Structure formats: C-alpha cells, structure tokens
Amino acid sequence: MFLDWLRIVCVVFVSLSMAAVPVFGQGLAQLVSVQKIWDSAPYNSFTDLVAYKGAWYCCFRESTTHGVALPGTIRILRSTNGSTWASVAVLTSAAEDLRDPHMVITPDNRLMLYAAAVTPVAVDGVTHRNFVWFSQNGTNWTQRTEIGEPNVWLWRITWHNSTAYGIGYQWNPTVLVRLYTSTDGTNFSTLVSDMQASGIINETSRIIFLEDGTAKVLLRDSLWGTAQPPYTDWTWTPMGTNMGGPDMIRLPDGRFVAVTRLYDGIVRTSVTWVDPVTGALTECLTLPSGGDTSYAGLVWYNDLLWISYYSSHEGKPSIYLAKVAFPDSTPVSVTDTFTRADNDALASTEQPRVAWVERQTVGAAANVASITGGQMLLFGVSTTPAGSGAGVAALDVDLPDLAISADLRFAINNPAQALGNNTGGFLLRRPRSDGNIGDSSSGGQISVQIHPSGGIYIGQMPAGGGAISTLFADNPFVSGQQEFSQLNSFFGPGSLPTALNGLAFDTDGDGVLELAEPFRVTAVLLGESLQVLINGVQVASATVAGTASTPSSFVALLKNRWTGNAAGVPSSVYFDNLDIARIGINDDCASALPITDGTIRGSTLGATGDGTASCGDSNNSPDVWYRYVAPVTGDLMIDTCGSRFDTVVSVLDGCGGQELICNDDCDGTLCGGPDSCLIVPVTQAQSYLVRVSGAQQASGDFTLRVQTQETRTATHRGGADPLTEAGAWTLDTNTSTGERTLVTGVSGRPHWQVSVNAGRRANYQHTLSPSQWSDPAGWTLTARVRAISALDMFQSCLEVNDDRDLWLLSLVTSGGTLSPGLWTTNASPQVHQQLAAFDPSAEYHTIQMVYDPAADDGNGAVSFYLDGDVVGTQTRAESLSRSFKRVVWGDNNSGGLASDARYAFVQFETGQRPLGPCGNPFADTDGDGDVDQSDFGRFQACYGDIVTEVEDCACLDIDSNGEVDGGDFDYFMDCVSGAEVSAGVTCDD
C-alpha cells in the first residue's frame with residue numbers, strides 16, 4: 001500500500017509565496033460558522049455574495065435540475081446581520097433558463113448583477129446570451145441589457161482602475177477564452193479574442209490585480225493564468241488539480257485563497273491556499289458539503305472570509321453561508337535544498353516560497369550570495385586578507401522559537417586559510433529593517449557563528465544597538481576555556497574529531513574543517529534558551545535576552561569576515577539542506593498543531609515529553625503533537641522518511657486516550673529504519689492525534705508526511721442505506737426520499753430498492769481517486785441486481801467514469817424499444833449493444849465489469865461478466881476527456897420512463913476479481929438447476945471460510961461480507977428445493 005501511495009502526487013501542507021510579502025499558502029483556517037440560508041426550490045445553486053450599503057446580498061439560481069431547465073430563476077436574498085435572510089428580488093424568464101448569476105459593485109457605487117440566459121434549443125444558432133442589471137438598493141433592478149457576445153459565456157467580471165475586465169468562454173464552434181473590457185458595465189469590447197488557454201475550457205475565478213498591475217486568474221480544470229498590463233499576453237500554467245466552480249480572493253496580508261470543488265477522492269467544496277507563482281492549490285479546510293456542490297461567492301469582512309456556496313450533502317441542493325477565520329499566517333516550517341540552476345538570483349525557498357534577500361553587513365543589498373552546484377554560496381565582500389564585511393542571505397519569516405539546521409562547509413583547502421576570522425552560521429531575531437549590524441533597530445539580534453578550526457561564537461545585539469555582546473566563545477573540541485581572541489586559533493592536527501555522533505567530521509584529522517568536510521549545524525532557540533548542535537551533538541548553550549522578536553524577524557544565513565588578521569585569506573561558506581522548524585507551539589498534547597495531508601518539517605529539539613508509546617522506548621523522550629482530521633474514510637499513512645534521528649510515531653484517538661498504532665522503524669518498504677512508517681484505518685471527519693518522538697531519548701529534526709488514501713473498496717449491502725455505509729457513497733439525485741428505500745423481499749430478505757419516476761434519477765456514486773482509476777492492478781465493479789422495470793438504456797445500470805472513458809452495463813426489461821437483457825453502449829459514437837438476452841425482472845443476476853489496464857496493448861479494456869461468464873469487452877475510446885471520475889449505480893430516468901430496480905449488493909474494488917460461474921440462484925453451486933444435498937455439501941465445505949480468492953465459495957457469500965457464515969446459511973435454506981426440483985426464482989430475493 002505504501003507503494004500505491006508513492007504513485008500519488010501529494011499536495012504539500014505548506015504552499016508558496018512571492019517576494020516582499022508575507023508567506024503564502026500557510027497558516028490555519030477555522031470554520032467559525034455555517035448555516036443553510038435557502039432551500040425553497042427543488043434545486044438551489046450557483047451563488048455569489050457582496051456586501052453593499054450596510055447589507056449582505058446573495059444571488060443564486062432556482063430550478064429543478066443542474067442542467068438547462070425552464071424556468072431558471074435568479075433569486076436575490078438580503079440580510080442586515082448575516083444571519084437572517086429574506087428574498088428581495090426575483091428575476092425570471094418563461095423562455096430562458098437564467099443561470100450562474102454574479103454580482104459586483106461598480107466604481108460609481110451601483111450594484112451590478114450579470115448572468116446568462118440559456119434556451120434549451122438553439123434559436124438562430126444561439127443557445128445563450130449574457131445580460132446585466134443594475135440596482136441602487138438590491139430590490140429594484142433596471143431592465144436587462146445584453147452584454148458581450150452570443151454563445152460566449154461571460155463568466156466573471158472584475159473592476160480595476162475604473163475598467164471592468166470580464167473573461168468569457170466558448171465551446172462551439174471554437175473552444176476558447178476571451179477577455180472583454182468595459183468602462184460603464186454595459187458596453188463591452190474585446191481586448192483579447194483568444195487568450196490561448198489549452199485543455200478543457202470552462203469557468204474562471206475573478207481576476208486578482210496586484211499592486212504592480214500583474215493579473216492572476218484561475219481557470220477551471222487546472223490552469224493558472226498570469227498577465228502584465230495591458231493584459232493582451234497571457235501565460236497559462238498547468239496546476240495539476242481538477243476543480244470546479246472556482247473563485248478566488250486575496251487576503252489583506254497578501255495571501256491568495258480560492259474556494260472550489262475538488263474531486264480527489266471525494267467531491268467537496270474546499271477552502272484552499274493558492275500559490276501565486278504556480279497556482280498550485282493546498283487545501284486548508286473542507287466546508288460541510290458533498291455531491292453537487294461549489295460555485296462560491298467570497299467577501300472579506302471584519303477579519304473573516306464570508307463564503308456563499310451550494311451543496312447537496314443534506315439532500316437537495318441548498319444555499320449555505322460559511323464564515324472562515326485565518327488566525328495564523330506564520331509558517332510551520334521552511335525548507336530549501338538549493339536545487340535551482342546556478343545563477344545569482346536566489347529566488348525563493350522551496351517550501352514554502354519565501355523570498356531570499358541578499359545583504360551586505362545586513363544593512364544594504366549586495367551581490368554576496370548565489371546558487372552554486374546545488375548549494376547556497378555566501379562570501380564576504382572584501383578581497384583582501386585584512387578587509388571586512390559580511391554576506392547575509394535573509395528570509396522574511398517571523399519564527400521567534402525555532403530549530404534551524406543546515407549542512408555547512410568552508411571553501412578552504414588547507415590549515416593556513418583557517419587563520420583568518422572567517423565564520424559561517426545563522427542570524428536570528430533580527431527586527432525587520434535595513435539598519436546595519438550596529439544600528440539601534442537591530443537590538444536583540446542573535447548571531448551564531450562557527451569557525452573552520454571548531455570555534456563557536458554566540459553574540460546578541462543590546463537593545464540600544466552598538467557592538468554585539470559576547471554570550472559564548474569557545475572551541476568545544478579543545479580542552480580548556482578559550483578566549484574570544486582565540487576563536488580563530490588553529491590548534492593543530494588531531495584537535496578535532498574525525499567523526500562526531502557517527503557522522504564524518506574532520507576526516508583528514510588536520511584540525512581544520514575544509515571544503516570536502518561538510519557538517520550539520522543546528523541552532524535551537526526556545527524562549528531565552530539557545531542551544532547549538534553539530535552533527536546532532538550539543539556543543540554550546542547560552543541564555544539570551546527576550547523571548548520574541550518585535551515586531552518580526554529575518555532568519556538569515558551568515559558568512560562573516562572580521563578585520564585584524566592579515567595572515568588569513570578570504571573564504572566562502574556553502575550551505576545546503578536548510579530546514580527551519582517552528583517549535584514550542586505543539587510541545588504538549590493539548591496544544592497539538594492542526595495539519596492536513598502533505599509534508600511538513602518539525603523538530604523535537606527543545607521539546608519536553610508528556611506522552612507514551614508502546615514501541616520504540618520513547619516514554620522518556622521529547623515529543624511533539626499534531627492533530628489530524630481525516631478528509632475521507634480510508635487508510636491514514638504516515639512516515640518520517642528523511643528525518644535526522646531515530647523517530648517513533650504513534651496515533652491516538654485523543655489526549656490520554658487509546659493508542660491506535662505505533663511504529664519505531666520502517667521495514668524498508670518505503671524507507672529504512674530509523675525512520676518510522678505506519679498505516680491505520682480512519683473515519684471521515686474523525687480527529688486523530690499524531691505523536692512524534694525519538695527512540696531512547698533521541699531528538700532532532702524530522703520530516704512528517706501524512707496522507708489518507710480513500711478505502712480501496714466501496715461496498716453497498718442490500719440491507720443498509722448506502723449513505724450510511726463505509727465507502728463514501730453519495731447521492732446524485734432529483735428524486736424524493738420515498739423513491740429509494742430499504743425493502744423486504746418475497747422471501748423476507750432485504751434489498752435496496754431504487755424506484756424513480758420519468759424524468760428523475762437516484763444514482764449512488766463513489767468518486768474515484770487517481771490511485772483507483774490508474775491502479776496498475778485494475779479494478780472490479782460487481783453488483784447483484786434485479787430490474788423489475790427498466791424500459792430503456794441508462795435506467796437500471798452500473799457505470800464507471802474513469803480518467804478517459806465511460807463503461808456501462810444496463811438492465812432492460814420487456815415492454816420498451818429494446819429487447820430484454822443486459823446491454824452496454826459505447827460512449828463515442830454511441831452504439832447500443834446487447835450482451836445477453838434474458839428477463840432481468842425474473843430473478844437476481846450477478847453482473848461485473850473487470851478492468852485490465854494491460855489489455856489492448858496497454859491501452860486498457862473492460863470485460864463484462866454475467867453470472868461468472870464473459871459476455872463482452874470494451875476497449876478505450878481514447879478520444880474522450882471525462883470530467884467525472886466516479887462509480888454510479890441506481891436508476892436514471894431523466895430522459896426516459898419510470899423504472900424500478902432492486903440492489904442486493906454493489907462493490908467497487910481495486911484489482912481484478914471476476915467471480916467464477918455461480919448458479920442462479922446463487923445456492924445452486926453445481927449449476928444443475930436445483931438446490932439439493934450436493935449443494936449443501938459444498939456449503940458445509942465453505943462454511944467459516946474467509947472469501948479472499950476467486951473460488952466457488954464466493955458464490956455462497958450472498959451477503960458479501962467476505963465470509964460464508966450463518967447469514968448465508970439462512971439464504972441457502974430458503975432456496976433448498978430437493979433433487980430435480982427447481983428452486984423458486986425469488987429464493988435469494
């Protein structure tokens with residue numbers, strides 16, 4: 001299963017940012033409140049939200065279905081307090097579906113509403129037009145005015161510098177996105193006729209305009225658009241995330257937030273961080289949602305993000321209002337391996353994207369740093385031995401309590417070069433200013449510097465500035481306390497260990513750390529306590545002044561060059577594998593840090609211990625805690641691969657609660673010990689605590705990766721409501737509750753009945769994750785079903801939409817245009833094909849789809865089974881691009897007659913598991929047409945077996961619980977009819 005996980009492209013926990021602004025894609029999101037504000041229509045959807053003249057306005061569409069339907073009405077709600085809502089306006093058209101309304105405030109302070117008017121049938125080649133209305137009070141609206149162009153859907157309009165910019169999209173006859181502008185909101189002209197976006201063209205978010213005029217926009221189905229004024233040339237970056245109905249806003253601190261529908265594992269509306277460079281999304285909060293959902297409106301008000309959206313997770317699609325807080329923008333961790341190409345532009349860190357700033361003597365920008373050979377090279381600004389100057393690469397992050405580590409090596413090659421006062425290390429708690437080291441604004445700055453001869457210097461700037469005070473100056477590898485003036489002293493061969501903590505150090509034993517001798521330096525700053533470690537061994541400690549930076553800090557890498565020794569030569573310092581972890585905030589269980597799927601860096605350095613674990617001898621070790629809420633029901637996978645000490649990881653159901661699993665060392669499947677890795681079943685929306693500690697009091701920096709992979713099997717058993725079963729079934733419906741229900745059959749056995757009227761549907765769906773529809777083992781969909789009435793295709797059916805194709809099995813009964821039996825259809829071009837002729841209303845049958853990705857020369861194909869026999873195959877259409885990735889079963893009569901189907905069992909699973917031929921009824925194991933003593937003998941042989949293989953016993957596991965047990969015996973006895981006496985057709989009903 002870990003190997004399956006490696007095939008998943010995981011979204012990292014911390015996302016990215018831009019230079020000169022706070023960290024992006026980082027911090028917590030908290031759901032403050034959510035309420036349903038409207039559900040009067042059968043179908044309520046496609047929202048937008050504005051705050052206007054002291055009131056809130058929410059617009060949305062009312063209809064009977066998601067697709068085009070008459071009438072489609074725009075309703076506008078108003079609230080003066082954000083809690084109590086009332087309808088103040090309704091816009092409708094008898095001949096058109098008015099849909100997808102949006103609102104914006106014009107520069108002259110009018111409320112501007114715009115929407116599409118769609119006709120079910122084209123009129124003069126036109127199916128949809130765009131219209132605009134204006135209002136001064138949200139109640140009284142002007143007559144509508146057509147804007148844009150026919151058949152180009154003008155989706156979002158954003159006002160910027162008194163100009164309205166609107167992006168429209170078109171599918172037919174040409175696929176494109178087009179940019180319009182207007183100065184009055186009524187007369188729109190084309191600025192860019194084709195914005196050159198590729199792939200699936202669809203809806204966009206609003207355009208975000210930055211201070212320098214740069215424009216940013218999200219395009220549905222994974223494109224990130226960027227342009228500079230005058231916005232005629234757009235660059236599109238693939239984002240790698242399928243999404244629907246997106247909108248985006250920029251918070252006051254500069255971070256980008258999008259609210260959109262996500263499809264990875266389970267459909268939901270999510271709040272996500274947006275990387276303004278790549279557009280990559282990082283989910284930070286799942287709103288209460290499911291099924292048909294999304295299309296949000298966003299407003300920032302009183303430090304909260306107000307979100308209108310619609311969702312069908314509570315039944316029919318309804319309108320909801322959520323309020324979300326973002327209480328913390330401080331990153332949890334920063335990492336950089338400097339793998340960028342050699343150049344002098346430091347750019348930004350890798351996780352998250354925090355800008356590097358070059359500084360000379362801290363106070364002025366200078367050409368003192370570069371990426372060289374996959375490392376950061378820092379050098380002093382002087383080229384003469386007696387010259388002075390410091391090179392600093394600073395990060396604009398505020399981490400008052402932190403553990404910072406980096407691999408450091410000096411660019412010197414012999415002991416003589418060590419005589420100069422050349423050091424490398426870190427600057428911590430430096431207030432954000434451009435003052436020099438001696439400037440009063442640098443008060444509180446801490447300097448941690450290492451010399452090539454092993455000397456360590458810790459200094460702190462006094463509150464009023466001036467010279468840095470010496471808190472610690474010593475060579476911990478040479479006996480006896482050394483004077484500060486001897487910091488750069490060369491103590492000769494053998495003065496430094498060749499290895500430290502089992503890691504290489506002064507390998508040639510000459511007493512100097514040279515170019516070929518990298519070592520790991522760590523500084524742990526927690527409150528007033530500062531520790532310095534080399535290769536994980538504490539070599540220095542000091543008490544510093546103050547416990548936090550005010551108001552914020554640079555964390556910097558430092559190469560210093562002091563005057564006073566003409567014998568030395570200038571040197572440079574290389575840094576690599578930088579890890580900065582925020583510490584102290586999650587030291588105890590009660591303060592567990594919320595995390596989501598992805599990867600973070602952490603440290604137990606400076607932590608205390610308040611937990612225990614059943615493995616790894618970690619009860620007396622420092623530990624830190626994280627709180628994780630499972631996004632789906634499935635397998636939570638955790639590892640610490642790449643950590644720098646012997647980790648121990650355990651998962652609990654609460655502070656002081658039950659330990660669910662513990663792991664000390666991996667078995668080598670994913671990574672080797674002393675890293676930890678584990679898998680534990682979790683339930684959607686359930687909270688879990690993750691404890692990270694070390695074996696036998698070990699501590700250090702770690703990498704923590706968490707990911708919940710959706711359960712690989714989704715099962716419906718006929719005796720339960722599918723919505724209450726494990727496997728994340730959701731309902732795609734326009735029916736009433738009474739049209740789908742648990743029913744007791746003729747023989748007293750329960751099944752799930754789906755019976756819908758003409759023009760309706762009740763489909764149960766399970767959203768496929770990428771790991772399911774691309775699993776190299778393939779997949780299998782099995783159902784035991786009886787169709788009482790299904791007069792056409794697509795009614796009582798099984799369906800799989802994967803990344804490229806549609807696969808379908810449909811039961812058809814007599815009385816319609818098709819002959820009764822089992823049918824399928826090719827998706828494109830659509831051709832119906834009968835696979836087997838029989839009466840599906842007479843008895844239950846087992847039907848299966850088994851997908852083999854290696855079939856058809858690696859293109860993939862599905863084999864169709866009826867009661868264990870292959871009755872047909874279908875290869876890939878290849879030309880399709882499917883927006884849905886899901887399993888569907890139920891009844892769909894949205895375009896046909898009423899139907900009635902009985903489902904005893906439905907199961908989707910990864911891997912190919914076709915059932916062997918089973919009798920009909922199932923208890924007829926020898927297929928002789930009756931259920932007699934010979935079948936009972938087989939039942940006895942299988943009784944108590946765990947059904948894991950494709951074998952005859954699987955035919956006796958009628959309740960499909962994986963075991964032939966007492967429940968199956970009850971079914972069997974209902975079917976016993978004696979030798980040469982056919983069993984009743986309803987015996988397994």
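**Cysteines and disulfides in the predicted model**

Cys589 is buried, with a relative accessible area of 7%, where buried means under 20% relative accessible area, exposed over 50%, and partly exposed in between (1.4 Å probe, protein chains only). The model is a predicted one, in which local features need pLDDT of at least 70 and side-chain atom pairs count only at pLDDT 80 or more, while totals for chains, interfaces and linings use all residues. Residues are numbered from 1 along each chain as its sequence is written, and side-chain values use heavy atoms, with hydrogens and water left out.

A disulfide is taken here as a pair of cysteine sulfur atoms within 2.5 Å. Three disulfides are found in the structure. One of them joins Cys589 to Cys655, with an S to S distance of 2.0 Å. Distant parts of the chain are linked by this pair, as the two residues lie 66 residues apart. Cys589 sits in the loop between strand 41 (572–582) and strand 42 (593–595), and Cys655 in the loop between strand 46 (647–652) and strand 47 (659–663). Strands (E, at least two residues) and helices (H or I, at least four) are DSSP runs, numbered from the N terminus. The torsion about the S-S bond of Cys589 and Cys655 is about -100 degrees, so this disulfide is left-handed.

With a torsion of about -80 degrees about its S-S bond, the disulfide of Cys615 and Cys662 is left-handed. Both of these cysteines are buried.

Cys666 and Cys677 also form a disulfide, and their sulfur atoms are 2.2 Å apart. Cys666 is placed in the loop between strand 47 and strand 48 (677–682), whereas Cys677 belongs to strand 48, 11 residues apart. Cys666 is buried at a relative accessible area of 9%, and Cys677 is likewise buried at 9%.

What about Cys59, and which cysteine sulfur is nearest to it? Cys59 takes part in no disulfide, and the nearest cysteine sulfur, that of Cys58, is 6.4 Å away. Cys59 counts as buried, with 0% relative accessibility. Cys797 counts as buried too, at 4% relative accessibility.
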